[in-house]
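Work through the following exercises with the sequence and the structure open beside you. Try each task before you read its solution.

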Amino acid sequence: MHRLAQLDHKYVWHPFTQMRDWLKSEPIVIVAGKGAVLRDMKGREFLDANSSIWTNLHGHNHPRINAAVHQQLKKIAHSSALGFANEPASVLAEQLVKIANPKLRKSSGLTPSHSDRAAGGASPPLGKVFFSDDGSTAMEVALKLAYEFARRNGRARPKFLSLGGAYHGDTIGAVSLGHIDLFHKAYRGMLFKSDSVPAPYCYRCPFNRAKPERADARGYRKCQWECVRPLEQKFAAQKKKGNSYAAFAFEPLMQGAAGMIAQPEGWLRRAAQIARGHGAQLIADEVMTGFGRTGTNFACHREGVQPDFLALAKGLTGGYLPMAATLTTQKVFDAFLGRYDEFRTFFHGHSFTGNQLGASAALASIGILRGEESMRARRALEQTLREELAALWTLPNVGDIRQVGLVACVELVRDWRTREPFDLRERAGIRVCEAMAKRGVLTRPIGNVIALLPPYCTSPAQARRMVGALYEACIETFDS
Ligand SMILES: Cc1ncc(COP(=O)(O)O)c(C=O)c1O
């Protein structure tokens, strides 16, 4: 075994990994990357088909992001945001506010009901940026702000609602909002209680009367939007108890770790309308969906929804460095203002908040993202993926193929005619990913779902190789 692999086996504990299985074989040790390609210590090359767990946007070793980080390194790597401002973080905050506030349709009624006013005129709805380190902390910040904002506005015990199957990170607040038993059940004793409503999962929706077809279930579903009713009922029931929900947290358009569950067009708009109608704030977790991953800068914008909190991480720095941001409104910000001795301060922060290297990478990444070339490439890649994935409908163990922008997934089933799932213990997803790795394509399963989130620089030939490897891996896994 390679010396580096030995060191890993001896000392490293990997996330979300059964280490007994891990220790059975030599791990792939990544030593370099360029564009969509990762290279390991043995010189083997692999396509990074999930953008290094959904973080990388423009490819590895991107000259513009490299240059931005090098430039910043010559000045300073880090100084504290506790007590000092810094150049890249201030500029980045301005850029984030710009891209997080598109002009929404006036009639949508989904912008915050209050009028946000800053000194000197109207401010955009999401006008304030709180930096932190990763997706979990971005959500933790949103939660704490929403909680305290609600408390300061007269709700004694603010409560939260989130979606069935939700995953918002691994810190205690984020886990409290989560509803994946496999990950979260063990910690219930440490958590605060949050409620859930079923996510709109057309492929497995109890209200969808359509028989399985060889197409994305969102397109052929037969229903009357019954999935929205539990949401209305939940809000109404909570109101009756005299303690309306303080906030509704959701991933817009696509719920990632839940199994890449894509929402039917119009669901988010309806859900947001109900939540706003009941006075709840909206917490949009765009840790996975943000920064062009789902087509627009942010997924919320596709449905004309402007949240009160926008949690960003993963792609913020183009997948280079751990950095996160929680955007919120002037109204929330104002609730924390006061004389020093009133102690209304938001008592929360991290040592690396507003880190200069991360902010420099993020500025370069946003610059690339906004360029015509990137937009064209993303549209073309989305189309290539769609066309290539169509071939997988011929496979009997492919139940559903879902794609939103550059997030695509295949749900594996025992038989597409019955939608019968594989038991998790059969490790169907893991086996398919192992067979893909043998073909030089790396991704990670979510149970029985295989996700493809290629870097935006992926060429048509590389996209074809990714999907081709998935196709062959399914045949190898299920025909044997
Ligand atoms: C939607 C969503 N929110 C939050 C998180 C947590 O992010 P992190 O792993 O950076 O803490 C993730 C991670 O996968 C995520 O997908």
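Helices (H or I, at least four residues) and strands (E, at least two residues) are DSSP runs, numbered from the N terminus. The model is predicted, so local features need pLDDT of at least 70 and side-chain atom pairs count only at pLDDT 80 or more, while totals for chains, interfaces and linings use all residues. Residues are numbered from 1 along each chain as its sequence is written, and side-chain values use heavy atoms, with hydrogens and water left out.

**Exercise 1.** Find where Arg-427 lies, and decide whether it is buried, partly exposed or exposed.

Solution. Begin with the place: Arg-427 belongs to the loop between strand E17 (420-421) and helix H16 (428-438). Next, take the relative accessible area, where buried means under 20%, exposed over 50% and partly exposed in between (1.4 Å probe, protein chains only). Arg-427 has a value of 32%, and therefore it is partly exposed. Finally, look at the backbone: the phi of Arg-427 is positive, about 55°, although the residue is not a glycine. Most residues other than glycine have a negative phi.

**Exercise 2.** Check the length of helix H17 (residues 460-479), and work out how its buried residues are arranged.

Solution. The expected span of a helix is 1.5 Å times one less than its number of residues. For the 20 residues of H17 this gives 28 Å, and the end C-alpha atoms are 28 Å apart, so the two agree. Now list the buried residues of H17, among them Gln-462, Met-466, Leu-470, Ala-473 and Phe-478. Seen down the axis, the buried residues of H17 fall within an arc of 145° (taken from the directions from the helix axis to the C-beta atoms), so they line one face of the helix. An α-helix has 3.6 residues a turn, so residues three or four places apart point the same way.
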